[in-house]
Amino acid sequence: MEGLIFQVDSMYELPSLKHKAIVAEFKSAGVAWVNAYPSLMADCVDRWGLKLLGTASAGLPMNMIHYAETREGHPVVLKVGVPHPEQKTELLALLYYEGRHAVRVIDSDDKSGAILMERIFPGTNLRAYGFRADMNEAIRSQVSIELMNVLPVSAAAIDGLPTFDEWLSLAFSRFRNHTKSNDHFLSFINLTESLYAEIKTTYPETFLLHGDLHHENILRDDAVGWVAIDPKGVIGPKIMECGRFIQNFIEDEIPSATSLGDATDKEIMLILEERLKVFNNVTGFDQHHLAMVTFIDQVLSTCWSMNAGQVVDLRKIKLIKNLLNDV
């Protein structure tokens, strides 16, 4: 929740870029929510006795994140967005975490799509700190990988959240039914389904997973250490939590690379192999199984993008697939 931009005179105004993103995503429901935004904010301020201080530049364009203080001077964050299913699963996951290695929810309002949370200080995300191969093992063991072990909660008594099986089934069914033939990507989908079946057999116990635990969703809190934000909320094998981190922001560890397109295949593979070793050391999960869940997560993420009509480069999937034979 870094990137503070003081806009005290326009706290009840929705920036034009946010306006456009919300309407593009939610159509008529988005228009209605945008029109109601000033009164929604006024209600939140009155309901929780808030003094608005500024807004954050981070986060998805469909959400507004406000820094504020309560009447007692307690620092908080107010996150508001159009009510939708993924927002509800985010809130439910945070409530189940109960502030344990994740940001704590103070209160919420389902009707308006507002969530009031404790503020994290300094709130710098892990990507800003870096995750380099030259960091010593002790330091790397203290960073976000520990969250893969301690954040998941046993799902034995948890209801109301989707399962990883459902994520895969819905995404892949939509691709098969509505996307023009892409035999190459279909082969990746078929392999993913086979790999996930093996993961479920090997790791039958299910957990509440964050589902999007990458570098930008892990913030530094001076009091408690690394804290997770913005969970998607999904039920699945604990090892599935690792894939999203391993396959994200690889370019950050490659000198002079500003995007993955600037890196060679060899450079990318070296980073992936190094991450598998570190995750194996910290979590204890088998490196081959970690490569499997990384491939599964990358194929799922790519399928979501393709289903949304985006043009996607399959290069990273192909490289991660090579890991399955190398580890």
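The largest pocket of the predicted structure has a volume of about 2,000 Å³. Its lining comprises 50 residues, and Leu60, Glu86, Asp212, Lys232 and Trp304 are those that lie nearest the centre. At least two lining residues are supplied by each of helix H1 (16-48), strand E3 (63-69), strand E4 (75-81), H2, E6, helix H6 (164-178) and helix H10 (287-307). The largest share, six residues, comes from H10. Divided by class, the lining of this pocket contains 21 nonpolar, 16 polar and 13 charged residues.

Rolling a probe the size of a water molecule over the atoms shows where empty space is left. Two cavities of 30 Å³ or more are present in the structure. The largest cavity holds about 60 Å³ of space and is lined by Gln87, Lys88, Leu91, Asp109, Asp110, Gly113, Ala114 and Ile115. Helix H2 (85-97) and strand E6 (114-118) each provide at least two residues of this lining, with H2 giving the most, three residues. The lining of the largest cavity is made up of three nonpolar, two polar and three charged residues. For the second largest cavity, the volume is about 30 Å³. Phe164, Leu209, Gly211, Met240, Glu241, Arg244 and Asp297 form the lining of the second largest cavity, which by class has three nonpolar, one polar and three charged residues.

H2 consists of 13 residues and spans 19 Å from its first C-alpha to its last, close to the 18 Å expected at 1.5 Å a residue. Buried positions in H2 are Gln87, Thr89, Glu90, Leu91, Ala93, Leu94 and Tyr97. Of these, Gln87 and Leu91 are buried and also line the largest cavity. An α-helix has 3.6 residues a turn, so residues three or four places apart point the same way. The packing partners of the buried residues of H2 are E4, strand E5 (105-109), E6, E8 and E9.

Two of these partners, E8 and E9, belong with E12 to an open sheet of three strands, in the order E8-E9-E12 and with antiparallel pairing. Strand E8 (153-154) and strand E12 (234-237) are the edge strands, each pairing on one side only. Strand E9 (residues 206-209) is joined to E12 by four bridges, and the two run antiparallel. Within this pairing, Thr206 stands opposite Pro237 in E12.

Several backbone features were noted. Most residues other than glycine have a negative phi, and most peptide bonds are trans. Glu98, which follows H2, has a positive phi near 55°. In the loop between H2 and E5, His101 has a positive phi of about 65° although it is not a glycine. His101 is partly exposed, at a relative accessible area of 33%. Phe249, located in the loop between helix H8 (243-246) and helix H9 (265-283), likewise is a residue other than glycine with a positive phi, near 55°. With a relative accessibility of 13%, Phe249 counts as buried. Finally, the peptide bond joining Phe121 and Pro122 is cis, with omega about 0°. Pro122 lies in strand E7 (residues 122-125).

Conventions. Residues are numbered from 1 along each chain as its sequence is written. This is a predicted model: local features need pLDDT of at least 70, side-chain atom pairs count only at pLDDT 80 or more; totals for chains, interfaces and linings use all residues. Side-chain values use heavy atoms; hydrogens and water are left out. On a 1 Å grid over the protein atoms alone, a cavity is a set of points where a 1.4 Å probe fits but cannot get out, and a pocket is an open set with protein on both sides within 12 Å along at least five of seven lines; lining residues have an atom within 4 Å of a point. Grid points are joined across faces, edges and corners, and a volume is the space filled by probe spheres set on the points. Ala, Val, Leu, Ile, Met, Phe, Trp, Tyr, Cys and Pro count as nonpolar, Asp, Glu, Lys and Arg as charged, and the others, Gly among them, as polar. Two strands pair if DSSP finds at least two bridges between them. The expected span of a helix is 1.5 Å times one less than its number of residues. Buried means under 20% relative accessible area, exposed over 50%, partly exposed in between (1.4 Å probe, protein chains only). Contact means heavy atoms within 4.5 Å.
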